There are 2 protein chains.
Amino acid sequence: MAAEMAEQPRRLAALLSRRQDVADLVRDLVPDRLAGTVLVARGSSDHAATYGRYLFEMATRRPVASASPSVLTLYGTEVDFTGYVVVAASQSGRTPEIVDVLGHARRRGGRTIAVTNEADSPLAGVADAVVHLDAGLERAVPATKTVTAQLAAFAMLAQGLGDVGLDDEAAEAIPTTVAALLGDTDPPDSVAAWLAPATRLAVVARGVLYAAAAETALKIEETTALFASSFSAADLRHGPIAVASTGIPVLALVHHGPARADVTDLVADLRRRGADLCVAGDGDGSELPWPASTPETLAPIPAVVRAQQLAYALALRRGVDPDAPAGLTKVTIT
Amino acid sequence: MAAEMAEQPRRLAALLSRRQDVADLVRDLVPDRLAGTVLVARGSSDHAATYGRYLFEMATRRPVASASPSVLTLYGTEVDFTGYVVVAASQSGRTPEIVDVLGHARRRGGRTIAVTNEADSPLAGVADAVVHLDAGLERAVPATKTVTAQLAAFAMLAQGLGDVGLDDEAAEAIPTTVAALLGDTDPPDSVAAWLAPATRLAVVARGVLYAAAAETALKIEETTALFASSFSAADLRHGPIAVASTGIPVLALVHHGPARADVTDLVADLRRRGADLCVAGDGDGSELPWPASTPETLAPIPAVVRAQQLAYALALRRGVDPDAPAGLTKVTIT
């Protein structure tokens, strides 16, 4: 896992250098009257797709749907995808229901794109166009370099349809930022020390960073068997705030921009209720910092790198092998 | 909470008796070339919308999107909803961002429907058409009768666009089924006894019942402050199965039909791993039973009633006031 995390700067640099090709690929596919975009994914890939959902809605100004694969694969409903760009994300490109849905979408009028780490996979075979992540084989069970590659791929695809902040300066800064974070291991170590005795964790964010909160919860859960859940700040404020005031540690992700105030208000409220809190983000008071120079739309990439470091450090502290946590298999990894 | 749960048979009967009007309402609104459906909701309403997502996709055979309200309300992105039916669900009809998104959708070409318990609410005011749940004032903080009313409303709307199983026989059976479940309190009491010492819970389902799993987790969490999460059987099989084998109790929801095998296979796998399991559903071996006569597409309604009973019984066993759990307020209830 550590070796694969360390590859990220060069893998991201290579992938991002192909951003013009990816922008051209999606512009060639998009129909004259775009009905909308459909995203198809599961597991970690689904968190990258959640990120893609925000960026595609901003870029296309048309609704973005997430496919429920079971509607086709279990219930046999033949959906008409005419007018849609359909993007499926699967690292292995071999998750049967993802392949089935993308193949069906193409046969039923959709313009289909596969985002995958396996250029020869069945998923690539059924798509009109392929974004090959080319992140190299991932051996550790918890996915790291393939996840940040997927996030970058969704940003590149969205940037092909509208400005989501991935200009040349921002694209070229990402590998440097990730390398600097990977070299800075004290903050994740000390947050891991805070979490070491915990049995549960709530991860909270809002807006574009929500996808990073979901991936943070999954990565920590996969790697350390700590029971972690993600919440939108808007939802935690309603029901589950009861949970947060009963001793469950809360990790809040924040980045400057329109979503910040909602999270910082929630953090202040939780502090008043005596919650056990830690803030990760670009601002003052962040215990797990990343740079403020990253545009908010790209902040999930450094946030997910911090989550990997935290999961890794926490696994070691809890005596778990981060490369092969109990009960996890790579078989159905997407 | 108990009094409001007990009202459900008559509230559902009254609502379902208006099913022809609701079918006409949605048929009048749907554009000639439907691009898709967009659902807008938060909290418990979001779980009803998850149910609606399956039913609308089956009924319309076009993609179904869930709006990310923050794309408009935080980032100011003006999305074009031409060709879409947009359904917003909010009990109070007063959640500002839900009202903002539906009003925006109508101004930008969407055919808009409000599903709400308040016919005079701002949400009803911005919609082309209103499905008034008319479930009466809900005083207890955990929503019960308004949630089952929302589920019924989504089934009625979907049935207006295509057959999702809500024929006259099925519609007329729902209030009777719910009344019978409410009179049968031993099973939820004994499942509550099983859960009483737990600090965490995983609720798992697949397909249409997934929405009920999400609502079950939220209802138990809201009512008892037990930390509960929901999983699709397809996702639990991948990463978080590690968690399920480390002592966290698992509640699996099953109903006969195409989604059943995935859940029963997972249950068998979890049993082999020594997981602490309980099955709720319509079949043999269910410890929290509901009738097999309910069509699978409508099974979330009895499943959610069982979840209410379980949450209520568990709150009493844990010494929590189910009408006013600590830390929860009704203010932002949707």
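**View 1. Arg61(A) sits in the loop between helix H4 (44-60) and strand S2 (64-66) of chain A.** Helices (H or I, at least four residues) and strands (E, at least two) are DSSP runs, numbered from the N terminus. This is a predicted model, where local features need pLDDT of at least 70 and side-chain atom pairs count only at pLDDT 80 or more, while totals for chains, interfaces and linings use all residues. Residues are numbered from 1 along each chain as its sequence is written, chains are lettered from A and ligands numbered from 1 in the order in which they are written, and side-chain values use heavy atoms, with hydrogens and water left out. What is the phi of Arg61(A)? It is near 55°, a positive value in a residue other than glycine. Most residues other than glycine have a negative phi. Arg61(A) is partly exposed, with a relative accessible area of 40% (buried means under 20%, exposed over 50%, partly exposed in between, using a 1.4 Å probe and protein chains only).

**View 2. Over in chain B, Arg61(B) is in the loop between H4 and strand S2 (64-66).** Phi of Arg61(B) is near 55°, again a positive value in a residue that isn't glycine. Arg61(B) has 39% relative accessibility, so it counts as partly exposed.

**View 3. Here chain B meets chain A, with 65 residues of chain B in contact with 65 residues of chain A.** Contact means heavy atoms within 4.5 Å. The area buried between the two chains is about 5700 Å², and carbon and sulfur atoms give 55% of that; buried area is the accessible area (1.4 Å probe) that two parts lose on being put together, summed over both. How many salt bridges are there between chain B and chain A? The count is four, each being a side-chain nitrogen of Lys or Arg within 4 Å of a carboxyl oxygen of Asp or Glu. One of them joins Arg62(B) to Asp80(A), with the closest N and O atoms 3.7 Å apart.

**View 4. Phe227(A) and Phe227(B) form an aromatic pair that crosses between chains.** Their ring centres are 6.3 Å apart and their planes are at 70°, so the pair is edge-to-face. Rings of Phe, Tyr and Trp (its six-membered ring) pair if their centres lie within 6.5 Å; planes under 30 degrees apart count as stacked, over 60 as edge-to-face and the rest as tilted. Each Phe227 is in strand S7 (residues 227-232) of its own chain. Buried or exposed? Phe227(A) is buried, and so is Phe227(B).

**View 5. Phe56(B) and Phe154(B) make an edge-to-face pair within chain B.** The distance is 6.3 Å centre to centre, with 85° between the planes. This pair links distant parts of the chain, 98 residues apart: Phe56(B) is in helix H4 (residues 44-60) and Phe154(B) is in helix H8 (residues 145-159). Phe56(B) and Phe154(B) are buried.

**View 6. Thr116(B) is in strand S4 (residues 111-116) of chain B.** Its relative accessibility is 0%, so Thr116(B) counts as buried. Not counting residues up to four places away in sequence, Thr116(B) touches several residues, including Ser92(B), Leu123(B) and His132(B). A polar atom of the Thr116(B) side chain lies 3.1 Å from the backbone nitrogen of Glu118(B).

**View 7. Ser92(B) is in the loop between strand S3 (84-89) and helix H6 (96-107) of chain B.** Ser92(B) is buried, with a relative accessible area of 13%. A polar atom of its side chain lies 3.0 Å from the backbone nitrogen of Arg94(B).

Key
Polar contact = N/O pair within 3.5 Å; in protein donor to acceptor, adjacent residues only side chain to side chain.
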